[in-house]
Amino acid sequence: MQEQQGTTAALRITLGLHIEQWQGPHPGTSLERATVGRQAFLAMLETWLGLSSLPVSVAERTAAFLLALRQSDGPDRFFHDSLAADEIGTAARLLQWRDEWILGGWTGAAAVGWPARLSDMAVVEAAAAGLLPPGEGDRLLAVLRRLDERSVPVGEIVLLEDCKLFPSLWRRLLARFPVVDGSVLVPAAEPHTQLGRLQRAVSDAVSLDQFSARLDIDGSDGSIVVLRPHTCETAEQWLAHHYHAGQAQMLLVSEQHGASVDDTLRVNGAPACGFDESSALRPALLALPLSFETFWDPLEPARLLDFLMHPIGPFRASARRAFGAVFSEHPGIGGAEWIKARERLLAETPPELRAELEQHIRVWLESPRHPRAVGAPIDYAIDRVKLLAQALRGRLLHIMPTDAVARDLGAALSQCAGTLSGLQSLQRDGVKHVKPRLLEQLCAQATTACGNSLAVAEAACMLGATTPEACALGPVAEVIWWMPSAPKLPAGHPWSRPEIEALAAGGVELVDQAFAMGSLAALWMRPLLTAADRLIMVLPPAPAEDHPAWQLIALLAPALVASQLEEHPMVRDQLRQVAPLPLQRAQGVWELDTDAPWRATYPLPTRLPSQSYTSLDLHFNNPAIAVLKYAAGLRTGRATVVAKDGRLLGNLSHRLVETLFVNDDAPSWSQAQLEAWLEPELARLLEQEGMPLLAPGNSAALFQFKNTMRHGLWVLLQHMAHAGVVRVEAERPLAGMLGALRLNGATDLLLHLADGRTAALDLKWTGAKRYRQALSDGTYLQLALYGEMIRQELGALPAAVGYFTFREALLLTATPDVFGPQARVISAKNGINASELVMQARATWAWRVRQWQEGRVDVIEKGLDPEPEPSPEDCLPLGETAPWHGDYTALFGSRE
């Protein structure tokens with residue numbers, strides 16, 4: 001063995017362009033043999049030559065190059081318009097150009113007569129001198145200069161790809177060492193097997209461009225298996241079982257779906273291969289971009305809710321979730337419910353931590369925000385990235401270093417560090433403000449360097465590769481080529497022919513694109529040539545496009561066809577019959593055990609101490625759902641989403657009315673007084689509870705809401721003036737009795753008239769047709785119950801009850817001569833009045849309680865057997881609930 005630098009043994013290096021896509025151990029690696037890719041080999045050389053330095057993030061280099069572009073910018077520069085539209089994107093793309101040219105041997109200078117774009121880039125390169133941290137090409141130049149003075153312990157280098165595929169500077173470096181061509185793979189299978197015969201035919205086809213006669217290969221000897229599943233999930237389950245049953249060494253080649261395969265392997269007790277794919281399920285890496293969303297005015301409500309509900313953030317998750325619960329119902333900051341949540345959180349926080357939590361709330365949620373078009377001050381952005389990084393480090397202190405969450409938090413810290421370095425570079429260069437797009441791109445560039453810290457190759461896992469080109473490290477007994485589909489082809493050069501010719505004349509040797517494309521066929525066939533005993537190709541489900549490798553194999557061996565995975569003996573023999581478990585047929589009546597011990601504890605079909613109209617309506621019209629909700633106490637899961645559409649507009653209209661009648665003289669206001677009050681109050685309310693209307697893209701909805709409220713409130717005040725309203729109680733709580741049953745509720749408006757009478761209005765955002773029908777059919781039980789509770793509290797029934805809908809600016813009532821002439825007076829066709837509705841409700845409750853005590857619970861839906869019992873004559877007619885099974889489909893069963 002050759003000795004260099006004293007007693008240091010020379011290493012035998014195996015170098016590949018695609019070796020980074022290999023998962024797991026490298027076969028043949030030892031103390032004197034290393035298998036590495038370009039970046040790892042360059043780092044080794046820098047270490048030996050004393051050139052090592054701290055790693056530089058892509059974000060920091062992009063920010064530095066952006067400064068050089070700005071310094072060189074002018075109306076005549078080819079990048080001028082692109083830079084104005086997308087600074088970071090333009091800087092990143094032109095930095096890629098510059099780095100590729102440097103690897104090709106560019107010195108940074110422009111020759112006389114060069115095309116304008118090349119000359120502009122030379123000006124930028126001069127401006128970048130001393131600013132731009134070194135890239136791969138710059139580091140290679142430094143290594144080449146140092147190699148003139150010192151040697152390194154490298155004996156020979158085995159190249160896994162043709163030397164022509166390496167950039168020019170790499171070829172200059174490789175010329176310093178003995179190089180062995182290892183790019184041509186020898187077929188690994190025995191020539192008498194069908195796999196061996198196919199390997200040799202494919203090798204001749206791609207290397208010699210010679211197509212032999214069609215092969216009589218059909219996979220009958222078991223050395224080649226081609227499968228196509230109905231679904232990827234089925235194939236993944238088979239793979240896990242195949243791993244447990246297998247004895248030979250396996251190589252899994254998966255260009256996509258690797259993370260999903262790993263998940264399936266884990267849940268089936270097989271070791272994961274550690275496929276590294278970006279995933280939206282990595283919460284730690286979402287903390288930084290979500291934190292950026294708190295900078296902007298107007299806020300994007302859905303993103304702010306994500307920030308509040310996310311498990312990882314700059315302050316305590318339980319506090320953020322408490323605000324998130326409020327924000328989902330009242331989407332704004334600073335409203336009454338928000339302040340209540342804030343005060344409750346601070347009161348529940350230990351005194352020694354209270355000041356810190358208050359500061360976090362102020363900094364992240366209640367501080368001034370910045371217009372998106374102008375951007376945030378860069379100091380502001382830097383401070384908040386530092387605060388998030390500090391919170392992540394604090395969380396790491398309480399987690400074991402071996403925990404998977406610790407690795408994920410470490411990746412998030414790297415993301416923060418990369419973004420911070422980019423921001424600080426921009427700050428040093430005099431940048432004062434950063435816009436959302438710039439922050440997003442800096443964060444994205446910092447994220448690409450993080451990798452997937454949760455993707456870990458576990459002990460005894462299969463060998464793995466994420467590209468066919470990486471399969472060049474020697475024979476493997478069994479190769480499983482997973483879902484090979486249309487490959488990604490290398491992009492062509494983005495420069496014109498005159499530009500490429502000018503670069504070549506200036507000594508820049510770009511990688512020959514035609515040669516690279518011609519080499520792809522041989523590289524794609526590597527998984528096939530690597531298999532020593534068996535090749536299993538698992539093709540993607542139809543109608544995915546087939547990989548060129550499979551197309552070539554099908555051309556050479558037309559008898560080799562893809563079998564349906566679920567029907568192949570390898571799979572079929574492992575399948576177990578699963579008995580179908582359909583939902584039971586829904587019953588029209590539930591029969592309960594009247595002798596059960598719990599019956600005495602629950603004499604009524606509810607646990608609620610008092611009933612609202614909503615709960616009574618459910619008890620009357622679908623007792624089964626009411627029993628599950630109010631007696632069994634079953635609650636379905638609920639997704640926390642921002643209130644929108646009708647729910648949001650209804651909440652805002654109610655809140656605005658409630659605020660309006662804090663002013664005692666509001667019923668007598670003129671239209672001018674209403675207008676003067678309304679505009680500032682709307683601005684305050686929307687900021688505190690209606691942010692979705694302020695979000696970008698909602699200007700039309702905002703305009704419509706304001707006009708609707710302006711008109712609706714004025715019409716409502718006119719009705720009040722005609723009725724002689726002297727005092728208004730908004731959201732007036734009510735209580736009363738329905739026989740022995742306690743009632744509760746809240747009327748939206750309780751109006752006190754000048755003659756001492758009262759009236760009650762229920763406010764709705766829209767739905768005039770629906771409520772007109774309720775009055776016409778005599779089914780306005782909600783208004784009737786409100787009237788009864790008012791009678792019990794104040795000693796007299798209200799003079800009128802009714803609905804007011806803002807969208808239509810329409811007041812609907814059953815009582816004439818109380819409100820203005822524009823009010824619609826609708827009499828019940830069946831002649832039922834409010835008092836009679838209350839008596840029917842009392843009888844209906846007694847009937848449902850009697851059914852409960854008899855062990856009978858009706859399920860209200862047509863076509864069920866047995867049919868529910870019809871309601872007695874003195875009870876309310878059955879109404880409708882939608883859907884009939886509520887959220888309890890599995891408990892009710894199937895109607896069919």
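Keep in mind as you look that the model is predicted.

Let us begin with Ser-168. You will find Ser-168 in helix H7, which covers residues 168-174. Is Ser-168 buried or exposed? Its relative accessibility is 6%, and buried means under 20%, so Ser-168 counts as buried. Who are its partners from elsewhere in the sequence? Leaving aside residues up to four places away in sequence, Ser-168 touches Leu-103, Gly-104 and Glu-509.

How many cavities of 30 Å³ or more does a search of the whole structure find? The search finds 2.

The largest cavity holds about 60 Å³ of space. Its lining is made up of Pro-605, His-619, Pro-623, Val-627, Arg-848, Gln-851, Trp-852, Arg-856 and Val-857. Of the elements, H32 gives the most, with 3 residues. Sorted by class, the lining of the largest cavity has 5 nonpolar, 2 polar and 2 charged residues.

The second largest cavity holds about 40 Å³ of space. What classes do they fall into? In the lining of the second largest cavity, 4 residues are nonpolar and 3 are charged, while no polar residue takes part.

Methods
Residues are numbered from 1 along each chain as its sequence is written. This is a predicted model: local features need pLDDT of at least 70, side-chain atom pairs count only at pLDDT 80 or more; totals for chains, interfaces and linings use all residues. Side-chain values use heavy atoms; hydrogens and water are left out. Helices (H or I, at least four residues) and strands (E, at least two) are DSSP runs, numbered from the N terminus. Buried means under 20% relative accessible area, exposed over 50%, partly exposed in between (1.4 Å probe, protein chains only). Contact means heavy atoms within 4.5 Å. On a 1 Å grid over the protein atoms alone, a cavity is a set of points where a 1.4 Å probe fits but cannot get out, and a pocket is an open set with protein on both sides within 12 Å along at least five of seven lines; lining residues have an atom within 4 Å of a point. Grid points are joined across faces, edges and corners, and a volume is the space filled by probe spheres set on the points. Ala, Val, Leu, Ile, Met, Phe, Trp, Tyr, Cys and Pro count as nonpolar, Asp, Glu, Lys and Arg as charged, and the others, Gly among them, as polar.
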